[in-house]
Amino acid sequence: MRAPATAHWRTELLELFLLEPGHATEEYLEWLNDPDVNRYLESRFVTHDIPSVQAFIASALSDPNVLFLGIRARDTGHHVGNLKLVIDPHHGLGEVGILIGDRRVWGRGLASRAIDCLAGAATHELGLRRLTAGCYRSNEGSVRAFQKAGFHVEAVRPAHFLLDGKPEDFILMARHLDAQL
């Protein structure tokens, strides 16, 4: 799926762009292999290298129901993170995942703004009616980012995951888009 070059993919702080295999840089690889950055990612169980990241991006590009986007900070022009949207076209749904890999921009509100930007594009250009997301309970930054972007907690799966060998709740969130049309 191609990201159209319109205002819905850009805010005053960031712009979203379609990830391509050439975006798999050493810096991107460092994010994926940094235990602080990938603490709440399921990909933390895999060792990454440039060819594997390029293959993952190429796989996402070839799937018509996946939109894999980079997040670029407009003040620096740097790629600072990624958003993934898995689309269910039959039901008008999208499942959102986010990674802010560049720790220098943590706490600046880029995650919530990127999620909100994606929600606008999902509504106006992709015709989706609802977005969902999930995260570990102790990933408070992610929970806050989704809530600031208009998501509400819909359910909790108690002790769903193991984090550092201990049970961890899984928070399920959603944002209804059709009410905002």
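Leaving aside residues up to four places away in sequence, Gly 134 touches Glu 95, Phe 170, Ile 171 and Leu 172. Please keep in mind that this is a predicted model, and that everything I say about contacts and angles is computed from it. Lys 148 is 14 residues from Gly 134 in sequence, and the two C-alpha atoms are 15 Å apart in space.

Strand 6, residues 152-163, and strand 7, residues 166-176, pair in the antiparallel sense, and eight bridges are found between them. Within strand 7, Glu 168 is the bridge partner of Phe 161, and Lys 166 stands opposite Leu 163.

The hairpin of strand 6 and strand 7 has two residues between the strands, and there Asp 164 takes a positive phi near 55°. In general, most residues other than glycine have a negative phi, and that is the background against which I mention Asp 164, a residue other than glycine with a positive value. Asp 164 lies in the loop between the two strands, and its relative accessibility is 57%, so it counts as exposed, the limit being over 50%.

Where does Ala 159 lie? Ala 159 lies in strand 6, and although it is not a glycine, it has a positive phi of about 50°. Ala 159 counts as partly exposed, because its relative accessibility is 45%.

Let me turn to the helices. The axes of helix 1, residues 26-33, and helix 2, residues 50-62, come within 10 Å and cross at roughly 90°, which means that helix 1 is roughly perpendicular to helix 2. On the helix 1 side the contact involves Glu 26, Tyr 28, Leu 29 and Leu 32, and these meet Ile 50, Val 53 and Ile 57 in helix 2. Sorted by class, this contact has six nonpolar residues, no polar ones and one charged residue.

With 24% relative accessibility, Leu 126 counts as partly exposed. Leu 126 and Thr 76 are 50 residues apart in sequence, and from C-alpha to C-alpha they are 29 Å apart in space.

I will finish with the cysteines. Is Cys 117 buried or exposed? At 6% relative accessibility Cys 117 counts as buried, because the limit is under 20%, and Cys 135, at 5%, likewise counts as buried. How many disulfides does the structure hold? The structure holds zero disulfides, where a disulfide is a covalent bond between the sulfur atoms of two cysteines.

Technical notes
Residues are numbered from 1 along each chain as its sequence is written. This is a predicted model: local features need pLDDT of at least 70, side-chain atom pairs count only at pLDDT 80 or more; totals for chains, interfaces and linings use all residues. Side-chain values use heavy atoms; hydrogens and water are left out. A disulfide is a pair of cysteine sulfur atoms within 2.5 Å. Buried means under 20% relative accessible area, exposed over 50%, partly exposed in between (1.4 Å probe, protein chains only). Two strands pair if DSSP finds at least two bridges between them. Helices (H or I, at least four residues) and strands (E, at least two) are DSSP runs, numbered from the N terminus. Axes are lines fitted to C-alpha atoms, for helices over the stretch in contact, and angles run from 0 to 180 degrees between N-to-C directions. Angles under 35 degrees count as roughly parallel, over 145 as roughly antiparallel, 65 to 115 as roughly perpendicular and the rest as oblique. Contact means heavy atoms within 4.5 Å. Ala, Val, Leu, Ile, Met, Phe, Trp, Tyr, Cys and Pro count as nonpolar, Asp, Glu, Lys and Arg as charged, and the others, Gly among them, as polar.
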